Amino acid sequence: MLFSSITFLYVFLPIIVALYFIVPYKVKNYVLLLASLIFYAWGEPKYIIIMIVQIILGYIFAIIIDKYRDKSSVKYMLAMIVIVNLGFLVYFKYANFFIRTFGQVTGVSVNLLKIALPIGISFYTFQIVSYVIDVYRGTVALQKNPFYLATYISFFPQLIAGPIVRYVDVEKQLVERKSDFDKIAHGIRRFVLGLGKKVLIANTLGELCDIFRGSSDLSVAYYWLYAISFTLHIYYDFSGYSDMAIGLGKIFGFDFIENFNYPYISKSITEFWRRWHMSLGTWFRDYVYIPLGGNRVSKAKFIRNIIIVWFLTGFWHGADWNFIIWGCYFAIFLLIEKFFLIKKLENMKVFNHIYVMFVVIIGFVIFNATSMNQVISDIGGLIGIGELPFVSSEFLYYIRSYGLVLIIAIIGATPLPKKVVHIINSKANGNKLLNLLEPLVMLIIMILITAYLVDGSFNPFLYFRF
C-alpha cells in the first residue's frame with residue numbers, strides 16, 4: 001500500500017487514526033502493530049513471514065545476549081544474529097547479483113533465482129541489527145514485550161522507506177507518549193506537505209525523466225535537463241516520504257529524527273552527506289565506521305575505513321555495479337576534501353556550491369543508470385561526446401512545459417520558503433494571517449493531490465527499490 005494512494009488516504013489511514021484514539025492507552029501499540037502488519041501484507045502478504053521471522057529472531061537473541069552479557073561467548077552470539085539477519089538481506093537482495101557476476105566473470109551460463117525483493121527489507125533489517133547491537137553495548141534496555149518490539153520494527157509510517165529509526169530514539173516513546181492538538185496538527189501539516197512534494201513535484205519530474213529516456217531527439221542541454229530533473233526528483237521523492245513518515249509518527253505521538261536538511265545548499269560533499277539521508281549516514285557511522293576505528297587511526301586505515309563505508313553505502317542502495325561505483329565515487333571526493341580541499345572550499349562562497357551540485361548531479365546520473373553502458377552514455381551526453389547538438393527541439397519543448405515545476409522545485413529545495421514564513425510570522429498580525437491561510441493551503445494541496453491520483457497517475461517511491 002502506498003501513502004500516495006486513494007485507498008491509504010481515504011480508507012486505511014482514517015480508520016486507523018480513529019481506532020487509535022478510541023482505544024485505551026494500553027492497547028494503542030497493539031493497534032499500531034496490527035495496522036502495520038495489514039499495511040505491509042496489503043502488497044506482499046507472503047513476505048510478511050520473513051519480517052516476522054526476523055523480528056522473532058532479533059527478540060530471542062537480544063534476550064540471550066542481555067542474559068549472558070558478561071560471558072566472552074556472547075560476542076559469537078551477537079555475530080550470529082547479525083549474520084543471520086544480514087543473510088536474509090543478502091539472499092533476497094544480492095543473490096542474483098552474485099550469481100550474475102560469477103557468470104560474467106567465468107563465462108559460465110547460470111540461471112538466476114526466481115526471487116523478488118521484499119519491500120523495506122533494507123530498512124527493517126538495519127533496525128533489528130542496531131537494536132541487538134545496542135542491547136549488547138548496554139545503550140538501550142532489553143525490550144521484554146515482543147509486541148512492543150514488533151511495533152517498533154514494523155511501524156508502518158517508516159517501515160518501507162525510512163528514516164531508519166533506531167530503538168534508542170523511540171525506546172521511551174513506546175511506553176509513554178502524548179498526542180496533543182498541536183502535535184497532531186503539526187503531524188498533519190508535515191504529512192500533507194510531504195505528500196505534495198511526492199505527488200505534485202517528484203512524480204511530475206519523474207514523468208520528465210521517463211520522457212527523456214524514450215526520446216531520440218537528444219542534445220547536451222537535454223541530457224542536463226534530465227540530470228537536473230532526476231536530482232530534484234530523487235530529493236522530493238525521498239524527502240517527501242520522510243516528511244510523511246515523520247508527520248504520521250507525530251500524529252501517533254512519536255518523534256522521529258529528521259532525515260534531510262536542505263542538502264542542496266551544501267558547501268562541500270562532506271556537508272552534503274551530513275544533510276542527505278541522515279539516518280543512514282549515522283547508522284553506518286555508529287555501526288561500521290567507528291567500530292573500524294573512525295578517523296582515530298593511521299592515514300592508511302582512515303582511507304580504508306572511508307572506502308569500506310562508502311562501498312557498503314552504495315551496495316546497500318542496490319545490487320548492481322553502478323551503485324557500488326556511485327558509493328566509491330563519493331568516497332573519492334570525501335577523501336580529496338579531507339586531505340586537500342575542505343579548508344579551501346570554506347572561502348569559495350560561490351564556487352563551492354557549483355562544485356557540490358556538479359558532483360552530486362553526476363553522482364545521481366550514475367545512480368539512476370540501469371547498466372554501466374548507460375552510465376558511460378549519460379556522462380558522455382552531458383559533455384557532448386557523440387557529436388550531439390547543444391540544443392534539440394524536444395529540449396526546448398520540455399523546458400517550456402516543465403520550466404515552472406523546475407523553478408518551484410529548485411526554490412523549494414532551499415530554506416527560502418521557510419525563511420519567508422518566518423519573516424511573515426515575526427510581523428504584527430503575521431501569525432494570525434498564517435493561522436488563517438494554513439488550513440486553506442493544506443486543503444488546496446490535498447485537492448490537487450486527490451485530483452492527480454484520481455486521474456490515474458502512478459509513480460512508486462524510488463526507495464522502495466532498496
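Tutor: Two residues are in contact when heavy atoms lie within 4.5 Å. Helices are DSSP runs of H or I of at least four residues, numbered from the N terminus. The model is predicted, so local features need pLDDT of at least 70 and side-chain atom pairs count only at pLDDT 80 or more, while totals for chains, interfaces and linings use all residues. Residues are numbered from 1 along each chain as its sequence is written, and side-chain values use heavy atoms, with hydrogens and water left out.

Student: How is a pair of packed helices described, and at what angle do the axes of H5 and H11 cross?

Tutor: Such a pair is described by the angle and the distance between the two axes. Here the axes of helix H5 (residues 121-137) and helix H11 (residues 278-289) come within 12 Å and cross at roughly 40°. Axes are lines fitted to C-alpha atoms, for helices over the stretch in contact, and angles run from 0 to 180 degrees between N-to-C directions. H5 is therefore oblique to H11; oblique covers what is left after roughly parallel (under 35 degrees), roughly antiparallel (over 145) and roughly perpendicular (65 to 115).

Student: Which residues of H5 and H11 meet?

Tutor: From H5, Phe 126, Val 129, Ser 130, Ile 133, Asp 134 and Arg 137 meet Leu 280, Trp 283, Phe 284, Asp 286 and Tyr 287 of H11. By class, seven residues in this contact of H5 with H11 are nonpolar, one is polar and three are charged. Ala, Val, Leu, Ile, Met, Phe, Trp, Tyr, Cys and Pro count as nonpolar, Asp, Glu, Lys and Arg as charged, and the others, Gly among them, as polar.

Student: Within what distance do the axes of H1 and H18 come, and what classes make up the contact of H1 with H18?

Tutor: The axes of helix H1 (residues 6-22) and helix H18 (residues 430-454) come within 9 Å, crossing at roughly 120°. Ile 6, Leu 9 and Tyr 10 of H1 meet Met 446, Thr 450, Leu 453 and Val 454 of H18. By class, the contact of H1 with H18 holds six nonpolar residues, one polar and no charged ones.

Student: Which residues of H15 are buried, and what covers the buried residues of H15?

Tutor: In helix H15 (residues 372-382), Gln 374, Val 375, Asp 378, Gly 380, Gly 381 and Leu 382 are buried. Their cover includes helix H8 (181-213), helix H9 (220-251), helix H13 (321-346) and helix H14 (351-368).

Student: Where does Pro 157 lie, and what is Pro 157 in contact with?

Tutor: Pro 157 is in the loop between helix H6 (146-154) and helix H7 (167-175), buried at a relative accessible area of 0%. Neighbours within four places in sequence aside, Pro 157 is in contact with Phe 3, Gly 162, Tyr 241, Ala 245, Leu 248 and Phe 256.

How values were computed:
Helices (H or I, at least four residues) and strands (E, at least two) are DSSP runs, numbered from the N terminus. Buried means under 20% relative accessible area, exposed over 50%, partly exposed in between (1.4 Å probe, protein chains only).
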